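Hi everyone, thanks for making time this morning. Let me put the model up on the screen, and then we can walk through it together.

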Amino acid sequence: MRVDDTATPPGEPAHEAVILLHGFCSSARTWDRVAASLQEAFTVLTPDWPGFGARRAEPPLRSIDAMARHVLGLADRYRLRRFHVVGHSMSGFVVQHLLIHHPERVGRAVLYGTFSSLAEGGRFESVDETAARLQREGIERTVERIVATWFLAGPRDPDFADAVRQGSQMALDAALAAMVACRGFDVASQLGGVRSPVLVVVGERDQTVRLEAAVDLARRIPGAGLAVLPHAAHAAHLERAELFDLLLAQFLSAHTAKRATAASFHERPTPGSCGH
């Protein structure tokens, strides 16, 4: 079942819950197809961050901690003592914060298109440069420029135009606040204590995350798996939709009482391959 996070909570969820968190220059709508693929087995929540998408008019959150507390507040509202969570890009920082500081709330976690240290991640430009260009060029031009890097085919990708429309709903204040929140992010030294099952997912040609940074992220988390999606960049959930959906469903559905996930998720594929 998919739940609109702006609606009145329907009571105790009938299924395990998964929260899908979108990244910068995006909105909850980026998860429409992914949510549809999961909704028979899970209660799926796809919130917009304040200042993004349908919540464009709301005051933005200005730190990773505030964003994590926002997720916990959403979970509390829906009576979710424990939930699975998927964080794309910027939201991968939020998920890492939850894993470190609120481990009792997290079931399984997917860190998608993200890294543990902004300085080592290999982003195509610094957050300060993005902030400066936002103020100089505005939302629409910035979104078009950044979203073009998410697809191997750039603006020719069939999902490019819709991704730009979603990202352009981001308020300028929210975009700048997000850059401030992400500046200096580095939890690399704190990941060794994570005990939740974690899967790191990255497109093999992601321009936001160096492949080496994704490998390093997986290695820092005990028992974490790594999946490298071939022929994909930062929007692998759109470019390699069927593969991404299958990977996500298998990982989130892997029931185990121990820290380790299913054995197949522990295999670290070589670049260009996909663990499953």
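So, H231 sits in the loop between β7 (225-229) and α9 (236-239); helices here are DSSP runs of H or I with at least four residues, strands are E runs of at least two, and both are numbered from the N terminus. The phi of H231 is near 55 degrees, a positive value in a residue other than glycine. Most residues other than glycine have a negative phi.

Before I go on, a word on what you are looking at. This is a predicted model, where local features need pLDDT of at least 70, side-chain atom pairs count only at pLDDT 80 or more, and totals for chains, interfaces and linings use all residues. Residues are numbered from 1 along each chain as its sequence is written, and side-chain values use heavy atoms, with hydrogens and water left out.

C25 also has a positive phi, near 60 degrees, and is likewise not a glycine. You'll find C25 in the loop between β2 (17-21) and α1 (32-38). Are these two residues buried or exposed? C25 counts as buried because its relative accessibility is 0%, while H231, at 55%, counts as exposed. Buried here means under 20% relative accessible area, exposed means over 50%, and partly exposed is in between, with a 1.4 Å probe and protein chains only.

Stepping back, the protein chain has 10 helices and 7 strands, and 58% of its 276 residues are buried.

Now for the cavities. A cavity is a set of points on a 1 Å grid over the protein atoms alone where a 1.4 Å probe fits but cannot get out, and lining residues have an atom within 4 Å of a point. Grid points are joined across faces, edges and corners, and a volume is the space filled by probe spheres set on the points. There are 2 cavities of 30 Å³ or more.

The largest cavity has a volume of about 170 Å³. Of the 17 residues that line the largest cavity, F24, S89, M90, R123 and T208 are the closest to its centre. Helices α3 (90-101) and α7 each supply at least two residues of that lining.

The second largest cavity has a volume of about 60 Å³. Its lining is W49, P50, F52, P60, L61, M67, M90 and A178.

Notes: 1 Å grid on protein atoms, 1.4 Å probe; cavity = no way out; pocket = protein on both sides within 12 Å on 5 of 7 lines; lining within 4 Å.
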